[in-house]
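Please read the following briefing alongside the sequence and the 3D structure, taking each topic in turn.

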Amino acid sequence: MTRFPRLLLALLTLALTTLPAAADNTDIDAAARGVVRVVLIDSSGGEVVPVTHGTGFAVTPTMIVTNAHVIREALQDDTLRIGIVPSEGDAGTFATPIAVSPRNDLALLEITDGTLRLPPLTIAGGVSGDMGEVSAVGYPMNVDLAQGLEIRDIFRAQPPVKSRGFLSGERPSRQFDTILHTAPIARGNSGGPLLDGCGRVLGVNSFGADSDGSDAEFYFAVSLRELMPFLRESGVEPSVNALPCTSIDELNAAERARFDAQRAEAQQRLATVEADRREARSEARLQAQIEVLEARDNAMALAMVLLLVGIGAGYAAAQYRKGQVDNPDYRSRAMIAAGVAGAAFVGTVLVWITRPGFNEIEERVATIMGENGEQPARDDPSTALVSDGTLICTLVPDRSRITGARTDDVEFDWNADGCVNSRTQYGMVSGEWTRVLVPDDEAAVSVNTYDPDTRTFRTDRYLLGRTQIEAARAARDEYDPPACGVGNAQITLGEQQSALLALLPDRPNERLVYSCEPKRAGMIGGE
């Protein structure tokens, strides 16, 4: 019986990890914040004039990938500068070419002026033929024209355009390896990323197939087989994520299935324990009945023997008393016989009275069951974890959704009052130990939770836009978390964090689930 829930969970998990993933709007939006407009600027006449533009995307906070043909004119004309216009907030800046490879239409730019820092995109670990939807992100010129944008508008931060299509295969072009897809791109999209459903880069959009309008439209992106060696040769190690692309909804469904399977398995184990206990109690009752009946029979037999001894001794005492006139020794013998008779009669009564009653059967059953060592109740507080001490937590990939976060092991000290590392208090939110982290150097909010009963540590990461992260930081500045050891610290912090949690989207972009175990002596990093 216990195998069925496990089989059901395994089949559901397999289905979720093999289904094609549809593009998640929040992930595409998060990736789009690292996409920029690459503008060639002519300032030779004393006036800043855009010559042409393309698209690029960040692989580090200051390094941008684009197509070589986007910046080709700037490489041959010293009156042209390469301008970078972000998708939101910050003013534009300038960049310098670090590496250019016309052979595979790739170029790497470095931001040289200003304080602009971009959120890097994550590179997908590979391309699969059944990856589902893909998205092209960039700045197509035909959209600018349709919106009636003027020249000066090109230098103003604007969100990129996103289009969707499907992966159609991989094939080499005349000079380099490409990905064929149907997500529409136009002039201006060149150098922009082609993204999977989790917002990870699958390729660099480069050109489209010629069509007279009657044929299906296909587009080409420079593949990862070209991009990754190009970046490494340029000394850039981008963030790479090769895990399956699953949605939060799929994870939640898998977690519900896992919970249902665990509950069914626990119920089955409980039913088995109860059946074993009933069988053990039946055997104990039979044993107690046999013992009580044997004890009663032995007591009755002993009482009968004592009664017969008493009768015999009484008869002898009477005979000695009759003969004591002729023989003086009979007097003492009569007294002895009478004493024996009295003791025998008293013993008979005591043995009869103290023989085991049938009500003793249940008492013996309880004693036997106690000797067999009954387990404490599941809800016995004595079995709860009080303090876990130092924990090492390892990522559980099939329960996680990761688009770019680091997946290193996590180490921390946990105390029963929710104090981490003897200084960071966790709050109690909806029955969970929770701490919300809002960094100043990253546009992301992390919600950490820890379950001491299952030793499960979870981080939900929300990748926010400029306005959202500013609101989150303002809400975080409104309170000072209580220190460890302060009375009702977990309740106070839980109430403080509620306003911040209310600002977050319904679903996180990433979920990292870790399984924790106590740190053993001799483990890496041990004392």
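A residue is called buried at under 20% relative accessible area, exposed at over 50% and partly exposed in between (1.4 Å probe, protein chains only), while helices (H or I, at least four residues) and strands (E, at least two) are DSSP runs numbered from the N terminus. This is a predicted model, in which local features need pLDDT of at least 70 and side-chain atom pairs count only at pLDDT 80 or more, whereas totals for chains, interfaces and linings use all residues. Residues are numbered from 1 along each chain as its sequence is written, and side-chain values use heavy atoms, with hydrogens and water left out.

**Overall**

- The protein has ten helices and 23 strands, and of its 527 residues 42% are buried.
- Among contacts (heavy atoms within 4.5 Å) with a separation of 6 or more, 69% are between residues 24 or more positions apart.

**Strand S13 and its partners**

- In strand S13 (residues 219-223), five of the five residues are buried, and the strand is thus mostly covered.
- Strands count as paired if DSSP finds at least two bridges between them; S13 is joined by four bridges to strand S10 (residues 177-181), running antiparallel, and Thr 178 has Val 222 of S13 as its bridge partner.
- Strand S12 (residues 201-208) also pairs with S13 in the antiparallel sense, over five bridges, with Gly 203 bridged to Ser 223.

**Strand S6 and its partners**

- Strand S6 (residues 106-111) is largely enclosed by the rest of the structure, because five of its six residues are buried.
- Antiparallel pairing links S6 to strand S3 (residues 63-66) over four bridges, where Met 63 has Glu 110 as its bridge partner.
- Strand S5 (residues 93-101) pairs with S6 in the antiparallel sense over six bridges, and Val 100 stands opposite Ala 107.
- The hairpin of S5 and S6 has four residues between the strands, and in this hairpin Asp 105 takes a positive phi near 60°.

**The second largest pocket**

- A pocket is an open set of points on a 1 Å grid over the protein atoms alone, where a 1.4 Å probe fits, with protein on both sides within 12 Å along at least five of seven lines; lining residues have an atom within 4 Å of a point.
- The second largest pocket holds about 730 Å³ of space, a volume being the space filled by probe spheres set on the points, which are joined across faces, edges and corners.
- Its lining has 23 residues, of which Glu 255, Arg 399, Asp 451, Thr 454 and Thr 456 are the closest to the centre.
- The largest share of this lining, eight residues, comes from H6.
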